[in-house]
Amino acid sequence: MKAAVIYENGDPGVLRYEEVPDPECPLGCVVVDAEAISVEGGDLLARAVVPPPTIPHMVGYLSAGTVTEVAPGLEGRVVGDRVVALNAAGSHAARRAVPAAMTWPIPVGLDAARAACVPVAFGTAYECLFTAGNLTAGQTVLIHAGAGGLGMAAIQLAKHAGATVIATASSDEKLERLKAYGLDHGVNYATASFVDRVKELTDSRGVDIVVDSIGGQNLIDSIGVLAYRGTLVSVGVVARAGSAIEARSLWARNNTLRGVFLGGAILPEYARIHPMIGDMLERVAGGELHVEIDRSYTLADAAAAHAYVESRKAFGRVILTP
């Protein structure tokens, strides 16, 4: 089968499109023929931080398609099922073996492309807002990188929960388009200080929750917009830079810093998180929530797809098709 693999860490140019052996189907697993693959912004970075134990490395972790093989004795999945699959072993392949426990049925009426984009973006957004942030109706939320997959999911979920939603993006055009997803106030970080603008929008009160997927100085500056007992949720390092936060900067307003990593929670809290992601899929299929797909690339063009994601030009999601 064909796959996009990586032999060394680096920029998207290290990806190679080539023939690799078909996967076996170990106990507890199913084999899925991919119809769509979600390109996650942290795929290449994740490989640099925690590379998988085998070479070649198949990049990514989210795909959707049809079950073509089921391990002996496995119940709950049959050949022909259409599923979304999440697995650290790599998604950028025409066919992959995944634990059946890490699959979700694709609801009727939902196409594979949009389904593939749901588990990580919407699952992570839910964890940031409700598990880490304890969001309730009437609160105010600041979501950084609002035009990305996580940002757009968080905007929608926060708005449906009755929050006032502020988000940052790199252009006025993106911010204008985000209004259709529930954005109340946008901040163009390329032309304005989000700290100053948020203080203006909240009469210096600040926001109850900040969802930060940028890291670096952006995470540090976000402390300055927290309301009393506000929560800063760190969920990514798009800036690829650490953040030397001084703990005392949280004391004055009794603020909280929380970290969120869906991959680290899904097994310890499987009984809660797996059905939560299933609910997100149903809400997208029913039209309550929306997945915006910006571009589609072939699997052979995986390097170009990742380069586009890392350019921060995308509005919504980028997918691959085998």
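The legends below describe an overall view and several close-up views of a predicted model.

**Figure 1. Overall fold of the predicted protein model.** The secondary structure comprises 10 helices and 16 strands. The radius of gyration of the protein is 20 Å, close to the 20 Å that the globule rule gives for 322 residues, so the protein is as compact as a globular protein of that length. Along the principal axes, the C-alpha trace spans about 60 × 35 × 35 Å. Among contacts with a separation of 6 or more, 66% are accounted for by residues 24 or more positions apart.

**Figure 2. Surface and charge of the protein.** Of the 322 residues, 51% count as buried. The accessible surface comes to about 13600 Å², and carbon and sulfur atoms hold 54% of this area. There are 26 positive and 34 negative side chains in the protein. The centres of these two sets lie 5 Å apart.

**Figure 3. The largest nonpolar core, which has 60 residues.** Inside this core, the residues with the most contacts are Phe122, Leu129, Val141, Ile143 and Leu178. Helix α3 (residues 118-132) supplies the largest share of the core, 8 residues.

**Figure 4. Surroundings of Phe122 in the largest nonpolar core.**

**Figure 5. Gln156 in helix α4 (residues 149-160).** The relative accessible area of Gln156 is 5%, under the 20% limit, so this residue counts as buried. Not counting residues up to four places away in sequence, Gln156 touches Phe122, Tyr181, Leu289 and His290.

**Figure 6. Gly230 in strand β13 (residues 226-234).** Gly230 is buried, and its relative accessible area is 0%. Beyond its neighbours within four places in sequence, Gly230 is in contact with Val207, Asp208, Asn255 and Thr256. Between Gly230 and Arg253 the C-alpha to C-alpha distance is 7.8 Å, and these two residues are 23 residues apart in sequence.

Note on methods. Residues are numbered from 1 along each chain as its sequence is written. This is a predicted model: local features need pLDDT of at least 70, side-chain atom pairs count only at pLDDT 80 or more; totals for chains, interfaces and linings use all residues. Side-chain values use heavy atoms; hydrogens and water are left out. A nonpolar core is a set of buried Ala, Val, Leu, Ile, Met, Phe, Trp, Tyr and Cys residues joined through side-chain atoms within 4.5 Å. Buried means under 20% relative accessible area, exposed over 50%, partly exposed in between (1.4 Å probe, protein chains only). Helices (H or I, at least four residues) and strands (E, at least two) are DSSP runs, numbered from the N terminus. The radius of gyration is taken over C-alpha atoms; the globule rule is 2.2 Å times the number of residues to the power 0.38. Contact means heavy atoms within 4.5 Å. Accessible areas come from the Shrake-Rupley method with a 1.4 Å probe; for residues, only the protein chains shown count as cover. Lys and Arg count as positive and Asp and Glu as negative; His and the chain ends are not counted. The place of a charge is taken as NZ of Lys, CZ of Arg, CG of Asp or CD of Glu.
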